[in-house]
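Reader: I am new to protein structures. Please take me closely through one part of this one, and then show me what else is worth a look.

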Amino acid sequence: MGGERNLLALPEDCIADILSFTGPLDACKLSTVSSSLRDAAQSDAVWKKFLPSDYESIILESSDSSLLYRFSSKKQLYLSLCHDPLLIDSGKKSFALDKWTGKKCYMISARDLKIIWSDTPAHWRWISLPDSRFSEVAELISICWLEISAKIHTNMLSPSILYTSYLVFKSPKGAYGFEYQPAEVIVRFVGRESGKHNVYMDAERGQRRHSPRLKRRIGLFNRNRIFGIQASVANGESSCKYPKERGDGWLEIELGDYFNKEGEDGELEMSVLEVKGGHWKGGLVVQGIEIRPKYTR
């Protein structure tokens, strides 16, 4: 109690300076303690510290530069950047803030990805969807060699933060060819070796794995024989990740983590490959690859 009284005895600008060394979540919690803390926690001096140091240049070069002058407080601007991603790089990427930490988040649009045979109409086509943040998404028609990759400069990311990358997609007409063959995913700093791991693109596969009725109906041996898959692949599926539904209705599959060391300048590469099965697959709609701080709370 004595410490709290001593803190409240300080001028508001001093309290604000102290709160700016905490974080957005802590500032919001402390604002409920007293009116003095609330006024300090709402101040521009606090919330400007929670914004990236280059936020002004990012907004000015975005598709909506007026955002910089639209809000009466830095907290309102902060919350806008958390909830409404901003298109940058001529609409090829989106920028947002992680609401818990204020760290940078990016999504690289399908148009800015390297998608093998994306310019071949028999394999891929470009469409517009109202629930996508980008003007175009890539729809997989039919292909036997799936290869999707992206790169981003690490100096665009917040330093000293553990990031996780995700492929953001959906299958509105029903995907096929992904049921029993995993895809390989890699996240690595360009120029360094990095291990691969497997993921399943089929969002319903996790549910089917736990269905006793399905296990009785399609045994492991018969399933592998039908789809030409080695038993070693099927036996290792317990360590694979599966897609999860996002709050915006899209699916995402985790590709891997990367710790962005302060002062490290280079490129981060993220890729998804399914090139071993040899069977045809289709039905996916790819919005992009997102990289955001790993949530560890």
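Author: Start with a term. Two strands pair if DSSP finds at least two bridges between them. Keep that in mind for strand 2, the part I have picked. One caution comes with it: this is a predicted model. Its mean pLDDT is 85, and 85% of the residues reach 70 or more.

Strand 2 spans residues 93-97. Strand 2 and strand 3 pair in the antiparallel sense, over five bridges. Strand 3 covers residues 104-109.

Now turn to strand 1, residues 86-88. Strand 1 also runs antiparallel to strand 2, and three bridges join the two. Find Leu86, which stands opposite Phe95 in strand 2. Strand 1 and strand 2 make a hairpin with four residues between them.

Stay in that loop for a moment. Asp89 lies there, between strand 1 and strand 2. Asp89 has a positive phi of about 55 degrees, although it is not a glycine. Ser90 is in the loop between strand 1 and strand 2 as well. Ser90 is not a glycine either, and its phi is positive, at about 55 degrees. Why stop to note this? Most residues other than glycine have a negative phi. Next, compare how open these two residues are. Asp89 has a relative accessible area of 33%, so it counts as partly exposed. Ser90 has 75%, so it counts as exposed.

Go back to strand 2 and ask how covered it is. Five of its five residues are buried. In strand 2, Lys93, Phe95 and Leu97 are on one side. Ser94 and Ala96 are on the other. Both faces of strand 2 are covered, and these residues are all buried.

The whole structure holds five aromatic pairs. In one of them, the rings of Trp47 and Phe50 have their centres 5.1 Å apart and their planes at 85 degrees, so the pair is edge-to-face. Trp47 and Phe50 sit in helix 5, residues 44-50, three residues apart, about one turn of the helix. Trp47 and Phe50 are both buried. Phe95 pairs with Tyr106, and that pair is tilted: 5.6 Å centre to centre, with 55 degrees between the planes. Phe95 is in strand 2 and Tyr106 in strand 3, eleven residues apart, and the pair links distant parts of the chain. Phe95 and Tyr106 are both buried. One more point on Trp47 and Phe50: ring pairs link them with Tyr78 into a cluster.

Rings also meet charges. Arg292 lies over the face of Tyr166, at 3.9 Å from the ring centre. Lys170 lies over the face of Trp250, at 4.4 Å from the ring centre. Lys170 is in strand 8, residues 161-170. With a relative accessible area of 16%, Lys170 is buried, because the cut-off for that is under 20%. The side chain of Lys170 makes a polar contact of 2.5 Å with the side chain of Asp131. Beyond its neighbours within four places in sequence, Lys170 is in contact with several residues, including Leu129, Leu251 and Val285.

Strand 4 pairs with strand 7, residues 146-153, over two bridges, in the antiparallel sense. In strand 7, Ser149 is the bridge partner of Lys114.

Last, a stretch to read with care. Over residues 214-236, pLDDT stays under 50. The model has 16 contacts beyond four places in sequence for that stretch.

Technical notes: Residues are numbered from 1 along each chain as its sequence is written. This is a predicted model: local features need pLDDT of at least 70, side-chain atom pairs count only at pLDDT 80 or more; totals for chains, interfaces and linings use all residues. Side-chain values use heavy atoms; hydrogens and water are left out. Buried means under 20% relative accessible area, exposed over 50%, partly exposed in between (1.4 Å probe, protein chains only). A polar contact is a pair of N or O atoms within 3.5 Å; within protein, one must be able to donate a hydrogen and the other to accept it, and residues adjacent in sequence count only if both atoms are side-chain atoms. Contact means heavy atoms within 4.5 Å. Rings of Phe, Tyr and Trp (its six-membered ring) pair if their centres lie within 6.5 Å; planes under 30 degrees apart count as stacked, over 60 as edge-to-face and the rest as tilted. A charge sits over a ring if NZ of Lys or CZ of Arg is within 6 Å of the ring centre and within 35 degrees of the ring normal. pLDDT is the predictor's confidence in each residue, from 0 to 100.
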